[in-house]
Amino acid sequence: MLNLESVSTHYGAVQALNGVSMEVKQGEIVTLIGANGAGKTTLMMTICGTPQASAGKVIFQGEDITRLPTDEIVKRGIALVPEGRRIFGRMSVQENLQLGALVADPKYYKEDMERVLTLFPRLKERLQQRGGTLSGGEQQMLAIGRALMSRPKLLLLDEPSLGLAPLVVKHIFATLAAISASDGITIFLVEQNAHIALRFAHRGYVLLNGQVILSGTGSELLANPEIRAAYLEGGVAA
């Protein structure tokens, strides 16, 4: 579904990604781990076209989307839940969800709204409440729900557990697993909690200084001594 072919990305003279190649297959859950500053968020943003890759190709469902503007990439079925959630705090929960539906066929609006509110009952209780007054966990639910309203084929998530209580994180990941299983949505996520991410994912990649240094199944990476030392046993946080 998604292929990155020797992708490099620069911010001015600074190179953030250096020849990154990876694949996310239809129906998979794939995770990307790495230390702070490794380039994980830049990779997610590059897939979405902001910034655009300075070299290499981003291929989505057989189409080269490397030079497409972000709005065209979204229309093709890629949705991003950004780090820090970035909901519209002054808008209501309902209005935030409506914004997510702007790129989808209007005939699915009612069905999709019901689906999101079934996945996240807390949002149903707070439809008219301003997004900025929600708890951190509720805001993450809203950010995911807003992305789902666009009817994505590929859902990108950047640090979905960041700043959330363990019970909320467990609920978020259980919901994402259910979405993948029931709706067939492909999921690619960056996650600071390497343990839960690798247990959750079919496959994973490790990014260091803008380069992929290791890949494998989630269980293979969990068992890898280097990964355990760096990310799971008090080493550098992912």
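Trainee: Which residues does leucine 155 touch, not counting residues up to four places away in sequence?
Mentor: This is a predicted model: local features need pLDDT of at least 70, side-chain atom pairs count only at pLDDT 80 or more, and totals for chains, interfaces and linings use all residues. Residues are numbered from 1 along each chain as its sequence is written, and side-chain values use heavy atoms, without hydrogens and water. Contact means heavy atoms within 4.5 Å. Leucine 155 touches Ala79, Val81, Ala147, Leu148, Leu176, Ile185, Thr186, Ile187 and Phe188.

Trainee: How many residues does the largest nonpolar core have?
Mentor: A nonpolar core joins buried Ala, Val, Leu, Ile, Met, Phe, Trp, Tyr and Cys residues through side-chain atoms within 4.5 Å. Buried means under 20% relative accessible area, exposed over 50%, partly exposed in between (1.4 Å probe, protein chains only). Leu97, Leu155 and Leu176 have the most contacts inside the largest core, and its residues number 35.

Trainee: Which element supplies the largest share of this core?
Mentor: Helices (H or I, at least four residues) and strands (E, at least two) are DSSP runs, numbered from the N terminus. β6, α3, α4, α6, β7, α7 and β8 each supply at least two core residues. The largest share, 6 residues, comes from α6.

Trainee: Is threonine 42 buried or exposed?
Mentor: Threonine 42 is found in helix α1, residues 40-47. Its relative accessibility is 10%, so threonine 42 counts as buried.

Trainee: Which residues does threonine 42 touch, not counting residues up to four places away in sequence?
Mentor: The C-alpha atom of valine 30, 12 residues away along the chain, is 17 Å from that of threonine 42. Threonine 42 touches Thr9, Tyr11, Ala16 and Leu17.
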